[in-house]
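Please examine the sequence and the three-dimensional structure shown below. The paragraphs that follow lead through selected parts of them.

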Amino acid sequence: MTAATNQRKARIMWLEALRIIAAFLVIVNHTNSDVFQASNPGELTWHLSILWYYVSKLAVPVYVMITGALMLSRQDSWKKILARVLRVVIALFCASYVYYLYDAWVNWGLWPRAVRLDILLGKILRMEITDGFWYLYFYLAVLVTMPLWQWLHRCMNQQQRLCLIAFCFTLNAALPLIGHYVPRLSLLENPLLPYVPLGYLGLLFAGDQVMHHLTIRKRTGMYAAIMLAAALIAAWLLTWLEYGRVQPGEKYWFMDHRMIPALPVIVEAIAAMVLAKCIGERSQDVQGADQPSGRQAGGSRVIAELGGCAFGIYLAQDLLIAETEKRLFLPLLTELSPMVAVLIWEVVVFAVALVAIWLLRRIPLLRRIL
C-alpha cells in the first residue's frame, strides 16, 4: 500500500467520523430545544442548552460539506446519479411507510390504514411524514442537480471557486444577519431568497476546498478550534441579545432557518471539518508506517462501519425520539437536571438507533438502502 493510498484512507476515516458525529447531532437538534424553551437566561440551564443547541446545528452543514468533498470534483455519469437518487427515493418510501404504520398504530388502528398506499403517497408528496425528513427532499435536489455543480466546478479555477464561496456566504448568511439588526440592509423580505439556498451551495464548494485544497500546517488545528469556539460563542451571545429584544413568547432563536444557514453555524461547520481533517492527518502521521497495524486497521473498520450507519440513524431517530420522550426523558426530568436528562436521552436514542441499523444492515438488501 502506497503513502498516497494511506492518505486517501485516512481522509475517508475522518469523513466517516464526521458522519457519525453529525448523526448524533441531528438527534440533539431534535431533542434539546425543549430544554432552553422551558428556561430563561437567568438560569444556567438556558445558557448550556443554547450552546448545545448551536453545536447541534452543525449537522446539516457538515453533511452538505461531506457531499461536496466526495462528489464535486468528480464527473459522474447520469447512470450513477440516477442510482444515488433511486437509493434515496427507496429509503424515503420505506422509512415513510414505517412512520406511517407507527402513526396508524398510535392514532387510527393499523387495519385497514396499513394498505392505504394512496394516503401514504399523499403524505410523502406533501412532506407530512415526519419533520426531520425535510433533508431527504433537499438531498434529492442536491443529487439531481449535482451534474450542474460538477460542471461548474470544472469550469472554474481555484480563485473563482473561492470567490463563489465568499459570494454565497455573503449574500445568504452575512447580509441576512446584518439585516436583522440593520433593517435597511435586510434581504429577508425578498421572496426568492429562501428558495435559493446559496449558503448550501457555498458549503458544497467549501467541503471540496477543505478536502482537496487545504494544506494542513502546524497550527491549523489550533486556529480551527479557536474559530469553532468563537462562532459558537457568537451564536450564543446573539441569541441572548435577541431574548431581550422580542416580546414574551416570541421566537428568539432567530438563526434557526433550514434553507438559510446562519453565518455562525457556517463558520462552525467549516471549522469542524478543518479540525477533523487536522486530527485525521495527524493520526496518520503519528501511526506513520506505510502498512497499517492490526489495531489501526481494526479501528478504521469500526469507524467505517459506524459511518455507514449514519444515514439509517438519521432515518430512525424521529421515531425513536417520539417513542422514548414520555418513557425515558420525562421520568428522567423528575430525578435529574434538564441538561443531564436530555444528554442521557440523546445518547440512548443514538445507541438504540445505531444497534438497530447495524443489525438491519446485516441483511444485504437493506444494506444497499441504509
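Predicted model: local features only at pLDDT ≥ 70, side-chain atom pairs only at ≥ 80, totals over all residues.

Setting aside residues up to four places away in sequence, Ile 66 touches Leu 15, Leu 18, Arg 19 and Met 273. Ile 66 belongs to helix 4, which covers residues 59–71. Is Ile 66 buried or exposed? Its relative accessible area is 2%, and Ile 66 is therefore classed as buried, since the limit for that class is under 20%. The chain also brings Ile 66 and Gly 207 to a C-alpha to C-alpha distance of 5.9 Å, although 141 residues separate them in sequence.

The largest nonpolar core contains 109 residues, and the members that touch the most others are Tyr 54, Phe 133, Tyr 135, Ile 313 and Leu 315. Helix 1 (residues 3–31) gives the most to this core, with 11 residues.

Attention now turns to helix 9, which comprises residues 158–181. This helix has 24 residues and reaches 34 Å from its first C-alpha to its last, close to the 34 Å expected at 1.5 Å a residue. At the start of the helix, a side-chain oxygen of Asn 157 comes to within 3.2 Å of the backbone nitrogen of Gln 159.

In an α-helix there are 3.6 residues a turn, so residues three or four places apart point the same way. The buried residues of helix 9 include Arg 161, Leu 164, Ile 165, Cys 168, Phe 169, Asn 172 and Pro 176. Asn 172 has a relative accessible area of 0% and is thus buried. Its side chain reaches the backbone nitrogen of Leu 198 at 3.2 Å.

Cys 168 counts as buried because its relative accessibility is 1%, whereas Cys 163, at 48%, is partly exposed. How many disulfides does the model contain? A disulfide is a covalent bond between the sulfur atoms of two cysteines. With a cut-off of 2.5 Å between cysteine sulfur atoms, the count comes to 0 disulfides.

How values were computed. Residues numbered from 1 in each chain as written. Heavy atoms only, no water. Buried < 20%, exposed > 50% of the residue type's maximum accessible area, 1.4 Å probe, protein only. Helix = DSSP H or I, 4+ residues; strand = E, 2+ residues; numbered from the N terminus. Polar contact = N/O pair within 3.5 Å; in protein donor to acceptor, adjacent residues only side chain to side chain. Contact = heavy atoms within 4.5 Å. Core = buried A, V, L, I, M, F, W, Y, C linked by side-chain atoms within 4.5 Å. Expected span 1.5 Å × (residues − 1).
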